[in-house]
Amino acid sequence: MTSLVETQRLEKRSENRKLRTYRYASFIVALGIWEVGGRLTSELLIPSVTQTLGAIWEMTLNGDMISALLVSNQSLVFGVILSLVIGVPAGILLGRSQILDRIFGVYVDILVVTPMVSIIPIVIIVLGLNLSARVMIVFLFAVVTVVANVRTGARSVPPGLVEMARAFGTKSWDLWTKILIPGMLPALGAALRLSLSRGVVGMVIVELTLVSVGLGGLVLNARALFQADTVFAGTVVILVEGLLLIRFGRFLERRLAPAGLHGGAA
Amino acid sequence: MTQADSATRPEDGSEIVDGAELVFRREVIPTGKQRTVAWLYRLLPIISIVTFLGLLEIVGRLELSRVIPPFSVVVTTIFELIESGQLESFTVSLQALGIGFGLALSLGLVVGVLTTLSRTLDYVLEPYINGFMSMPTSALIPVLMLIFGLGQTTRVVVVFLYGFFVIAVNTQAGLRQVDPVHAEMAKAFGARGFTYLRTVTIPTALPLMLTGIRLGISRSLKGMVNSETIISVTGIGALIIRFGRSFDVAGLYAVILIVIVLAVLLTSIIQIFENRFVRRGL
């Protein structure tokens, strides 16, 4: 005898299976459209899926892709680390000190909505067309988001908990290590993830505009030579790297978040 | 969903705690001195910006660094740019922004509603929406240039891609917030069709939808500038590249200032609606 609950569960399972089929089907259809479209149009404009994958494979074998990835990611690694080292303390300061936030917070608010590309030329005029300029740009792209997120996290530590800790005469060291920092952990996790995703954007944009090296440079050169398959290959690699980094960021975020403080009504 | 959350959070929570210590209790009549302090406090961001610009002016006049021109020179450069007609390409940029963002807004709302109504559609579209939200869209620009050419179409598509997904995700998140108890009660009192939308759905969903629209417009603007700097044929982005290549620092700052003012203006217009709506609340 199957109970009602069990039938419902079975129904739900079959519905989920149906949904999953739709999802994969849509993916295959999308790839199919790309493949057919690529074969119908000129090879100079849109290469098919197989041509793109072929180009990726070829470039991996001859080492072009690896060296481009290494060059690009150099700036990403340094820039993201720098953005966290500077952005996290700055965000905590702005979040915990109202007077500092009134004075400097407005710049964060403005920079969050400003298209950062517009300041790339200035960075390059100051630092030149080299690694330090690229690191600086990745840093600038990432740091604003880091500050904005950490600031919000630092503000939203439950005031009730802080109040209680103060009422029990907690020393300021303990207040930080036991209440404030654990309370900020979820926001720190989000900042980590967003710094990676903004950093990739900065890395790509600087390579596509003024310093054409690495993956962006690869794509730009290929575009100038009408090697569409290389353009697509480079783009796919950049996008996949971006998505993988965000996956990694989410993983780190989840590791940090449960360690945070819960509850504490204001 | 998580992406949308974290994207909206920074601006969302901020107003609540802001200045909590210095808000005077209503019953206590503040003395003259306290009132001045409160006013100064409120004006601090403006004072800070004015001081900053003043410092720029001084440093610029002292010619300490070639990348810091006096602020007054930057402002006069803007007028020179307007007079010499170099800013005319700006109208083309704005057109791309208008069309692209219009499409992003309308389609974003439609997709947001449809994915709320159909679970299947939501499940099928979710990986694409999530992927597009988090991946570096600017990397797609060279590919779009191959497909759509160097003209206005590419820019419109980029502006659209930048704005669309945030709007769709936030619309969906807003509509999902409708409280079943609330909905039940409205139905019990005979609210149907348009009345139901006006009294239940829209008031619940609008704050998040507006947040999505605000993030959408700021992202669309970024898309506009990014696509133009990468295509670098016309528009404000091409100006940025040209001034950068010729080391015309004053021109560069003039364009940056225009972009910043535009960005702040567009987002604050929506922010005003948002504040008014959230304050009135349900």
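Predicted model: local features only at pLDDT ≥ 70, side-chain atom pairs only at ≥ 80, totals over all residues.

Me: Okay. How do the axes of α2 and α3 of chain B cross?
Reply: They cross at roughly 95° and come within 7 Å. Helix α2 of chain B covers residues 32-62, and α3 of chain B covers residues 71-83. That angle lies in the 65 to 115 range, so α2(B) and α3(B) are roughly perpendicular to each other.

Me: Which residues make the contact?
Reply: From α2(B), they are B:L53, B:L56, B:E57 and B:G60. From α3(B), they are B:F71, B:S72 and B:V73. Four of the contact residues are nonpolar, two are polar and one is charged.

Me: New topic. Is α6 of chain B mostly covered or mostly open?
Reply: Mostly covered. Helix α6 of chain B runs over residues 141-148, and six of its eight residues are buried. The buried ones are B:I141, B:P142, B:V143, B:L144, B:M145 and B:L146.

Me: What covers them?
Reply: Parts of both chains. From chain A, the cover includes α8, α9 and α10. From chain B, it includes α7 (152-176) and α9 (193-231).

Me: What comes just after α6(B)?
Reply: B:G149, with a positive phi of about 85°.

Me: What is the secondary structure of chain A?
Reply: Ten helices and zero strands.

Me: And what does chain A span along its principal axes?
Reply: The C-alpha trace spans about 80 × 75 × 30 Å. The radius of gyration of chain A is 24 Å, while a compact globule of 266 residues would have one near 18 Å. Of the residues of chain A, 43% count as buried.

Me: Which domains is chain A divided into?
Reply: Domain 1 (4-40) and domain 2 (50-259). The centres of these domains of chain A are separated by 34 Å, taken over C-alpha atoms.

Me: Last one. What about contacts in chain A across the sequence?
Reply: Take the contacts between residues at least 6 apart in sequence. In chain A, 77% of those join residues at least 24 apart.

Key: Residues numbered from 1 in each chain as written. Chains lettered and ligands numbered in written order. Axes fitted to C-alpha atoms, helices over the stretch in contact; angles between N-to-C directions. Helix = DSSP H or I, 4+ residues; strand = E, 2+ residues; numbered from the N terminus. Parallel < 35°, antiparallel > 145°, perpendicular 65-115°, else oblique. Contact = placed C-beta atoms within 7 Å. Nonpolar A, V, L, I, M, F, W, Y, C, P; charged D, E, K, R; others polar. Domains from an automatic or database assignment. Buried ≥ 20, exposed ≤ 12 C-beta atoms within 10 Å, placed from the backbone. Rg over C-alpha atoms; globule rule 2.2 N^0.38 Å.
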